[in-house]
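Here are a few friendly notes to read alongside the model. Please keep the viewer open as you go through them.

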Amino acid sequence: MAESAAAATKPSSSVKLVLLGEAAVGKSSLVLRFVNNHFQENKEPTIGAAFLTQKCNLPHRTIKFEIWDTAGQERFASLAPMYYRNAQSALVVYDITKPTSLVKARHWVAELQRQASPGIVIALVGNKSDLSTSADGETASSTDNSKKGSSAASEDEANGGDDAPAVEAEDDGAADSDPRKVSTKEGREYAEEEGLLFFETSAKSGHNVQEVFTAIANAIPETQMKNVKGPGMAGGAQSALGAGNERVNLNGPRADSKDSCAC
Amino acid sequence: MSDATKSQSELQDDHGDSPAVRPNPTSTDLPTIALQKPEPEAGAHVSTEEKPPPLPPRPARADSLYQAPIVGPAGLRAPPSTARPRLQATATTAVSRTDIHTHSYQDGSRETYAASKQSSPPPTSWGGWSSIKRLKSQEASDSASIRSYAPTLGTAGDVDSLLVGFSGQEQTSGWNIFNAQLKETGLQHDDVFEEDMVLENFDQEFDEIDALEGEDKTEERLLARWQAKRKHFMILSSAGKPVYNRHGDDNLISGYVGIVQTIISFYEGAQDQLRGFTAGGARFVVMSQGPLYLVAISKLGESDLQLRVQLEALYMQILSTLTLPNLTHLFSHRPSTDLRRPLQGTEPLLSALADSFTRGSPPTLFSALECLRIRKAHREVINDTLLQKRCESLLYGLVVAGGRLVSVVRPRRHSLHPSDLQLIFNMLFEAEGVKAGGGENWIPLCLPSFNKNGYLYMYVSFLDVKEEKDPQQSSQASRHDEIAVLLISANKESFYDLRSMRDAVVEELEQNGSMAIIRTAIRNGRFAATDIVPGTVLHHFVYKSRANVQFVMPSYEPHFTTLLARRRLLSLYHTIHAGAHAKNAHLKVHHCISRSSISLAWITPSFELYCVAGPSASRNALAQSANKVVQWARREEERIFIIGGAVF
């Protein structure tokens, strides 16, 4: 992966990425945070699909993401194949305050594994981690939070408006004061089972958003890059590779990737 | 209110049988409609060849047509005015009857109260707004807003006890003076001032009503707020399941939805379709479309026909999301289907439509489109660019700026229907969903007037106006000032084709200077009425070309800058439009005087002109200006309208 370590002219290649997941889990918000570093409260639902591009600088190469941000509503589901066909990567998003959204995410993962390009890199993302009040079993999210104070998140949090999603979560009816309904452990275990990258993110605070895309960029093998627009390549070891990269990214060069991927 | 004086809960069977009532029956009859295509009765499949060319040549601008209605400067023989703008049913027809035309005042002086002598007083009075205003008690019975009071209940006392929940305004001394004056002249002030009452706190109309919190006290408060809304739209399935309502949470208003469903199905059961009724100062209009009931409840004084057009547009939005076969399939499969789920995500679009109707929407009222005013040659360059760069799968290509059409290219045998374009414009410029996401969009949608049975695919790209050097300009630029390229195809795989076409088109438009022209036109905004007719008394006008199904109007500035002032203007347009298009009103000119304005509607086979001047303007001056506007519009026709568009 790191053979072409020429510093000056980094090879650049484009990667097609598709976001899938139930309605209102925050797919568009994740993309907007990644592309514009912006968060919008009460965003209206996406209609159809939005197509965005964003560059991501890795140490050894530049990746241009071509992102398909799809609408989560049921009636658009039949269009999904057109978006994930030939995609080298997919972000399957669920809402950590809404268990049904993880069920839907599992469906998407299964569909991708069945129908998408065999080598597709899939990341499972639990969004809205800012709503979690406890460090649910795992310390990952809370420690990450403290490490990640540098992003532009603070202003958004100052703007308040935390109520809307919080109320919604309470409607799920639980005596539990923590709006989180899906534990980090549950998500991680499922991701490991299926060989997916796994992150918990907050589009609102910006937490882990950049990391997800960087991890995906790292997980995509060079061989796929050269064949950008063509049909997906057969790569049997992809999922294993993905899982390996996840570990590298979670514990390893986080600071590195943040600096280099200052888009 | 005027309706209340008639039979209040009548079944309006006489309003025609077709559920799809068109606003301007005559305009659809016209043979030559540039952007409009004949109703696809045959259920044309998307982009099949079976459509005959629907575009006959442009209408002959016969000089006789042009001359006929203009009989000199004061040639508009406006009949004696009425000061009761909202009495569409009684006053309007009285004024427009040909036998009364002889009553015209030759000296041109404004005789404000003359009308009350002519128009026969309403047969029954239920007390009107004066009695509502006297009500201070808030002993709310929910029945008030639903219960219809038939003429048999029509005494003032009964009505007093029925009408509750209306927050009256303290009567000022000014009000009392006017009141006394008006009583002397035998005119009921409720007719004149009603509009003011109705529009009180209009800016709160769009506030959200919070979700129900359970406490009784809160519920009462919320219901009061719900009842205070001037306009409601409800959509429910014939099984009584709520599909959409503009205001209020399901739990809050489920009772009302039930009542509405009961009333409708009662008449349905008697094989006697309910079309509308009046209750509590609000007009209820019911439209039944297949498995859906659509209900408009308005205190803003639109006519039934106008409300029906609005309901039609909401129904079109639902079809646009689902397509007709899907909709009927859902309900034939299971009549108790909850349509909310399949419609998920469409609520913002419906609400954007509903709110634009509440604010007052000229395109809907006049069933026409507005175009960006640029030189004919400039438009041709843009058209040619689109044609040149056209890709194989393109069906329609449009350039839109700030909700106004700049250019359209289309296949020779297909044209675009204004109601379809309205849905698209609403999606792009009123609702947030598309724009807020940034980037490019690929949207499956059904254009019901084109073909209600299938989906088309629309590529949308908003161009960055911010490329302009002037940073102030760009920060001011709202999304109403943005340029969008829309490319519509029947092929759902054609995104990348259309995308490269967009790139080519934009590059070419930048190179040949068209983009700069469009930007300048947007930045300059709409012209002022005084630009057209220097020193005119006109505050605002709308000129609609019936042949092109397009309209042109000046800027709302400086007279109608606030939301309220705009709504007043639009209310006035609604009133004179309703007057001019009332059934059996074969009038050419409808002149209307009120406390705050004098206005004119002028209908000919080729155009409709609606204009408004201040209350102190003379009728002569208004007529003169109207003539000048018509002359201007004919002279500039190819700049202000898109004639036919470019075809391939």
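The points below cover conventions, the sheet, the helices, the aromatic rings and the cysteines.

1. Conventions. This is a predicted model, in which local features need pLDDT of at least 70 and side-chain atom pairs count only at pLDDT 80 or more, while totals for chains, interfaces and linings use all residues. Residues are numbered from 1 along each chain as its sequence is written, chains are lettered from A and ligands numbered from 1 in the order in which they are written, and side-chain values use heavy atoms, with hydrogens and water left out.

2. The sheet. An open sheet of 12 strands, with mixed pairing, runs β6(A)-β5(A)-β4(A)-β1(A)-β3(A)-β2(A)-β9(B)-β10(B)-β11(B)-β7(B)-β8(B)-β17(B). At its edges are β6 (197-200) of chain A and β17 (646-647) of chain B, each pairing on one side only. Strands here are DSSP runs of E with at least two residues, and helices are runs of H or I with at least four, both numbered from the N terminus; two strands pair if DSSP finds at least two bridges between them.

3. One strand pair. Within chain B, β7 (residues 394-401) and β8 (residues 404-410) run antiparallel and are joined by five bridges. Leu398(B) stands opposite Val408(B) in β8(B).

4. Helices on the strands. In chain A, helix α3 (residues 99-115) lies across β1 (12-21), β4 (89-95) and β5 (121-127), at about 165° to β4(A). In chain B, helix α21 (residues 514-524) lies across β7, β8, β10 (456-463) and β11 (483-489), at about 120° to β11(B). Contact means heavy atoms within 4.5 Å; axes are lines fitted to C-alpha atoms, for helices over the stretch in contact, with angles from 0 to 180 degrees between N-to-C directions.

5. Aromatic rings. There are 29 aromatic pairs over all chains. Rings of Phe, Tyr and Trp (its six-membered ring) pair if their centres lie within 6.5 Å, and planes under 30 degrees apart count as stacked, over 60 as edge-to-face and the rest as tilted. Tyr543(B) and Phe607(B) are stacked, because their ring centres are 5.3 Å apart and their planes at 20°. Tyr543(B) lies in β12 (residues 538-545) of chain B and Phe607(B) in β16 (residues 607-613) of chain B, so the pair ties together parts that are 64 residues apart in sequence.

6. Cysteines. Over all chains there are zero disulfides, a disulfide being a pair of cysteine sulfur atoms within 2.5 Å. Cys446(B) is buried at 0% relative accessible area, and Cys391(B) is buried at 14%. Buried means under 20% relative accessible area, exposed over 50%, and partly exposed in between (1.4 Å probe, protein chains only).
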